[in-house]
Amino acid sequence: MKRAVIFLTLALCFIFADGVYAQRTLPGMHSLELRAGMADGWYSSSGRSTTGYYFGAAMNRYARNASKWVVGAEYLCRNYPYKAGSVPVAQFTGEGGYYNRLLADGSRTFFLYLGGSALAGYETVNWGEKRLYDGATIRSRDRFLYGGAITLEADIYLTDRIALSLSGRERVLWGTTTGHFHTQFGVGMKFILN
């Protein structure tokens with residue numbers, strides 16, 4: 001009898017082996033994402049580099065067909081060279097958008113998303129200080145920003161509750177002193193909450 005139960009259990013495992021999937025990206029599930037990366041090129045600590053860095057957090061809510069709604073906040077900083085030093089320009093933005101699933105593998109380990117987001121926030125030049133170290137005056141002022149972003153994102157599940165996220169994004173903002181377009185690429189970790 002014991003052999004029959006073991007044989008029957010093994011047979012059922014093989015029969016249902018390709019139909020069993022992890023409970024990932026189900027409608028109504030939430031995840032917390034922590035992200036960081038580079039903006040407008042590779043960041044360098046050299047005083048002549050105008051590239052920047054960013055970091056942020058987002059909450060994802062999965063919808064039908066493994067697509068998701070995203071709400072988050074982000075900090076982006078770029079340093080512009082000026083004589084022997086640099087002038088920092090920081091942007092604080094909030095995001096709300098929808099990411100549509102383009103591609104997924106059968107085991108639900110890899111997902112590729114294309115998303116669009118609305119952005120709004122605030123930009124500060126030299127942290128509001130108008131006077132530079134050599135007596136020069138900055139004519140740009142702190143201001144509110146608005147615009148959007150298009151994002152291509154790949155999620156790779158390391159476990160059922162943790163995913164690695166790789167992303168590329170193009171931000172289009174108005175009201176900024178640093179130009180309308182900013183390209184970002186980075187990495188993030190997603191923690192599935194329920």
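A polar contact, a term required at one of the stops, is a pair of N or O atoms within 3.5 Å; within protein, one of the two must be able to donate a hydrogen and the other to accept it. The model shown here is a predicted one.

Begin with the strands. Eight of them close into a barrel, in the order β1-β2-β3-β4-β5-β6-β7-β8, with antiparallel pairing. On average, neighbouring strands of this sheet are turned by 25 degrees against each other, direction ignored.

Next, select residues 30–39, strand β1, together with residues 181–192, strand β8. These two strands pair in the antiparallel sense over nine bridges.

Proceed to R169, which lies in strand β7. Is R169 buried or exposed? Its relative accessibility is 7%, and R169 therefore counts as buried. Show its side chain and that of T151: a polar contact of 3.0 Å joins the two. Beyond residues up to four places away in sequence, R169 also touches others, including R35, E74, E95, Y99 and H182.

Finally, select R161, located in the loop between β6 (143–157) and β7 (162–174). Because its relative accessibility is 45%, R161 counts as partly exposed. Which residues does R161 contact, leaving aside its neighbours within four places in sequence? They are K190, F191, I192, L193 and N194.

Definitions and conventions: Residues are numbered from 1 along each chain as its sequence is written. This is a predicted model: local features need pLDDT of at least 70, side-chain atom pairs count only at pLDDT 80 or more; totals for chains, interfaces and linings use all residues. Side-chain values use heavy atoms; hydrogens and water are left out. Helices (H or I, at least four residues) and strands (E, at least two) are DSSP runs, numbered from the N terminus. Buried means under 20% relative accessible area, exposed over 50%, partly exposed in between (1.4 Å probe, protein chains only). Contact means heavy atoms within 4.5 Å. Two strands pair if DSSP finds at least two bridges between them. Axes are lines fitted to C-alpha atoms, for helices over the stretch in contact, and angles run from 0 to 180 degrees between N-to-C directions.
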